[in-house]
Amino acid sequence: MLTLDEILGIAYLQLTGIGFLGNLTLLLLNNFNFLTAHTVRPKNVIIIQLAFSNAMVLLFRGITTITRLWKVKCVLDRTGIKIITYMQILTRGLSLNSTCLLSVFQAITISPNNSLWAQVKIKGPKSIIRCTVLCWIFHLIFDMLIFLRHDSPKNSTVSKDGCSTGYGTLDVYNNNHIKFEIIIFVHDAFFAGLMTASSVHMVLILYRHRRNVNHIHSKSTSTKISPETRATQAILLLVATFFFFNTFSPICIICMLYFKSINMWMIHTSALLSLCYPTVSPFILVSINKQVPNSCAC
């Protein structure tokens, strides 16, 4: 008879395995497309960064949670545990930032040439590399400051508890934890606001485009969906998936900090849902660019 921790460990293992292989495949396909075509679209640069970030989220969050649930003896020392915890914070921030960057870039891409975004639309593709580099620099510094000033409790390395990282370091009685959770919440809310604004902008553009197409082709039997429209729909689905799976986690943390109590069901539910987005996202991202499966078929 399997215990609850063993069942949860199997669920984490399935999510981690499927998601990691999906993101790894997406990375390989995009790199293969770059090697064969000797060029890479700006959007693909963001997708590569997002796939890499999601793969690392699954690796550093999923594996450590599985070992803790299955009571695997922790072989890491204090330094190793701190590195794993920092990588969990860093990769999560990069995943959020990359999703936001992809959403904003697509909103600018589909904007009309006579709009206020005309100049940004022209210069935007040339600035993607700089934006991704700035994204890395910002999160390396910001997450390091958060991590260094975050007073983590003493980590246990006995086989009974495994390595205490991530959710295991939440201390509801530590005022510093509350302050830094608020800072992280404000950080996440800012990028979530950008994603919401860009998504609303894309929905309005798609609605106007659809209305114009229906007016022009009112007597036509069929209309084809453009690749850019298909990509926009996929990115909107990606953003909606992100919000669906990542909204519950901050609510759980705020509730536990407010009521000064740790609820294991809330922790496991929040952790499972946080792994669902990096697991599902590569299968949505594959549909954005038809060149990826076509180059694989060649």
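Q: Of the 298 residues of the protein chain, what percentage count as buried?
A: Burial is read from relative accessible area: buried means under 20%, exposed over 50%, and partly exposed in between, with a 1.4 Å probe and protein chains only. In this protein chain of 298 residues, 43% count as buried. The model is predicted, so local features need pLDDT of at least 70 and side-chain atom pairs count only at pLDDT 80 or more, while totals for chains, interfaces and linings use all residues. Residues are numbered from 1 along each chain as its sequence is written, and side-chain values use heavy atoms, with hydrogens and water left out.

Q: How much of the accessible surface of the protein chain belongs to carbon and sulfur atoms?
A: Accessible areas come from the Shrake-Rupley method with a 1.4 Å probe, and for residues only the protein chains shown count as cover. The surface of the protein chain comes to about 16,500 Å², and carbon and sulfur atoms account for 69% of that area.

Q: How many helices and strands are in the protein chain?
A: Both are DSSP runs numbered from the N terminus: helices are H or I with at least four residues, and strands are E with at least two. The protein chain has 10 helices and zero strands. Read from the N terminus on, the order of elements is α-α-α-α-α-α-α-α-α-α.

Q: Among contacts between residues at least 6 apart in sequence, what percentage join residues at least 24 apart?
A: A contact means heavy atoms within 4.5 Å. Among the contacts in the protein chain between residues at least 6 apart in sequence, 85% link residues at least 24 apart.

Q: At what angle do helix 3 and helix 5 pack?
A: Axes are lines fitted to C-alpha atoms, for helices over the stretch in contact, and angles run from 0 to 180 degrees between N-to-C directions. Helix 3 and helix 5 (residues 128-148) pack at about 145°, and their axes are 9 Å apart. On the helix 3 side, the contact includes Lys82, Ile89, Gly93, Asn97 and Phe105, and on the helix 5 side it includes Cys131, Trp136, Phe138, Asp143 and Phe147. The residues of this contact divide into 14 nonpolar, five polar and two charged. In this classification, Ala, Val, Leu, Ile, Met, Phe, Trp, Tyr, Cys and Pro are nonpolar, Asp, Glu, Lys and Arg are charged, and the others, Gly among them, are polar.

Q: Which hand does the crossing of helix 3 with helix 5 have?
A: A crossing is left-handed if the near helix is turned anticlockwise from the far one by less than a right angle, and right-handed if clockwise. Helix 3 passes helix 5 in a right-handed crossing, whereas helix 3 passes helix 7 in a left-handed one. The axes of helix 3 and helix 7 come within 10 Å and cross at roughly 150°. Among the residues that meet are Leu96, Thr99 and Leu102 in helix 3, and Glu228, Ala231 and Phe242 in helix 7. By class, the contact of helix 3 with helix 7 has seven nonpolar, five polar and one charged residues.

Q: Are Gly93 and Ser98 buried or exposed?
A: Gly93 is found in helix 3 (residues 78-109) and is buried, with a relative accessible area of 3%. Gly93 and Phe138 are 45 residues apart in sequence and 9.8 Å apart in space, C-alpha to C-alpha. Ser98 also lies in helix 3, and Ser98 counts as buried at 0% relative accessibility. Leaving out residues up to four places away in sequence, Ser98 touches Ile46, Gln49, Leu50 and Ser53.

Q: Which helix does helix 2 pass in a left-handed crossing?
A: Helix 2 passes helix 9 in this way. Helix 2 (residues 42-69) and helix 9 (residues 264-285) pack at an angle of about 145°, with axes 10 Å apart. Residues that meet include Ile47, Asn54 and Arg61 in helix 2, and His268, Tyr277 and Pro278 in helix 9. The contact of helix 2 with helix 9 comprises nine nonpolar, five polar and one charged residues.

Q: What phi does Lys71 have?
A: Most residues other than glycine have a negative phi. Lys71, although not a glycine, has a positive phi of about 60°. Lys71 lies in the loop between helix 2 and helix 3 and is partly exposed, with a relative accessible area of 39%.
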